[in-house]
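Below is a short briefing for a reader new to this structure. Please look over the sequence and the model before reading on.

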Amino acid sequence: MAKALIIGTGAVATVGAQKVAQNYKVFSQLIITSRTKAKVDELVLRCQKYPLQVMGETVDAENVPALVKLIQKYQPDIVMNLALPYQNLPIMEACIQTKTHYLDTACAEVRDHAGFEYSTQWVYHDRFKKAGVMALLGVGFDPGVTSVFAVYGKKHYFDEVHYLDILDANGGDHGYPFATNFNPEINIREITMPGRYYEAGQWKTIPALSQFHTYPLEAIGPRDMYLMYHEELESLVKFIPELKRARFYMSFGEKYLRHLRVLEAVGMTSTQPIMYEGRPIVPLQFLKAVLPDPASLGPRTKGKTNISVILRGYKDGQEKAYRVFNMMDHEEAYQETGAQAIAYTTGVPAMIGATLVVTGQWSGAGVFNVEQFNPDPFMDLLNQWGLPWKESFDPKLID
Ligand code: NDP
């Protein structure tokens with residue numbers, strides 16, 4: 001039986017912790033931590049209805065010695081980082097020092113500079129290897145399931161995959177004029193960065209949100225999908241080296257974009273500190289403070305998400321196309337966990353990744369991405385744990 005320590009008590013951790021608790025045949029102990037005692041206590045209480053031991057602690061995960069002490073106290077088999085990308089590197093450091101497996105759901109970021117590169121985490125490979133434990137990066141939906149979808153499609157239906165498109169569509173409506181579905185600071189930084197995609201051996205950059213396609217989607221209808229950069233493009237291009245093109249698209253409604261453009265134009269999305277009444281404030285952090293807390297969207301959000309991966313390539317000399325996708329209903333997610341579908345589609349894969357690591361189905365010492373492992377057990381567990389997927393062998397393609 002395994003022990004998991006979860007860092008984070010936000011939307012994603014709310015789902016991840018309850019899913020670990022539901023998987024009590026694998027996990028016998030769960031330790032839940034973040035800086036705020038009230039949030040820890042609330043999540044511990046939610047998980048205590050399942051037959052495993054659940055405990056809470058407070059910790060600042062950016063304080064490596066404090067985190068090392070906490071990990072040594074509980075000796076978990078795995079630390080699940082469901083906090084923010086700012087905490088990835090200190091938590092990795094603490095996992096190396098305590099020889100504990102590590103997992104996260106988003107690429108590391110630093111506060112004063114928008115952008116993310118897996119290389120900041122890949123450099124820890126030798127140290128994890130020497131410690132004899134695994135760091136499994138990016139195990140949410142995107143990144144996470146999207147990469148598993150891609151390698152599953154390649155394994156079963158292609159000799160070579162040449163074109164890859166990821167489509168992340170959210171048909172959910174929370175009724176607010178403007179709100180983000182996960183941490184606003186992280187979300188807005190990602191969306192306002194220039195779009196970037198891979199083509200013919202090169203990374204190409206376009207102005208943010210300057211290119212879109214309308215794509216028809218099951219359950220939510222046609223959606224305007226905007227080309228963006230997303231971290232799994234970096235790992236997919238590395239681990240599917242024959243790719244000629246890889247792109248990521250996300251859906252945005254007209255109302256959302258109108259608000260975002262105004263906020264950007266007046267400087268509210270900037271990560272550069274400005275002086276306000278004698279002290280520095282970061283406009284984006286101030287904006288986060290006035291926007292609805294993503295956790296509060298749960299009871300208000302109706303509709304579904306639809307996230308898919310489209311592959312094109314060759315099998316036995318024949319050109320082929322394939323699409324694999326998941327749809328998740330916001331209200332169903334909320335009913336089960338108290339969080340909406342974006343958190344659900346991230347927290348479930350994190351629990352699945354942790355399960356595969358602690359049961360040894362995915363094993364190795366060093367820093368790994370999900371593309372490096374057999375996708376089949378992950379795909380089976382998605383069906384078992386609330387994220388069933390569907391396939392199409394005649395998908396509409398994006399030129
Ligand atoms: P929230 O803002 O809801 O929660 C963040 C949590 O991090 C809070 O519980 C906070 O608790 C905790 N936290 C922040 N700083 C620290 C710290 N220094 N030490 C300990 N805990 C800390 O975010 P979400 O739940 O929406 O997102 C969580 C993660 O999931 C993010 O990294 C996000 O990028 C990722 N994500 C990934 C997706 C995917 O598909 N791969 C999709 C959506 C999100 P407290 O304030 O008490 O410390």
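The notes that follow cover the domains, a pair of strands and the surroundings of the ligand.

This is a predicted model, in which local features need pLDDT of at least 70 and side-chain atom pairs count only at pLDDT 80 or more, while totals for chains, interfaces and linings use all residues. Residues are numbered from 1 along each chain as its sequence is written.

**Domains**
- The protein chain splits into domain 1 (2-137) and domain 2 (145-339 + 388-392), with bounds from an automatic or database domain assignment.
- Between the C-alpha centres of domain 1 and domain 2 there are 24 Å.
- Domain 1 gives 16 residues to the contact and domain 2 gives 14 residues; two residues are in contact if their C-beta atoms, placed from the backbone, lie within 7 Å.
- On the side of domain 1 that touches domain 2, helix H1 (residues 11-22) provides the largest share, 5 residues.

**Strands E2 and E3**
- Strand E2 (residues 27-34) pairs with strand E3 (residues 53-58) in the parallel sense over 6 bridges; pairing requires at least two bridges found by DSSP.
- Helices (H or I, at least four residues) and strands (E, at least two) are DSSP runs, numbered from the N terminus.
- Thr33 stands opposite Glu57 in E3.

**Ligand shell**
- The ligand is surrounded by 33 residues, and the closest are Gly10, Ser34, Arg35, Thr36 and Gly140; a residue counts as near if its C-beta atom, placed from the backbone, lies within 6 Å.
- The largest share of this shell, 3 residues, comes from H1.
- Domain 1 and domain 2 each contribute at least three residues to the shell.
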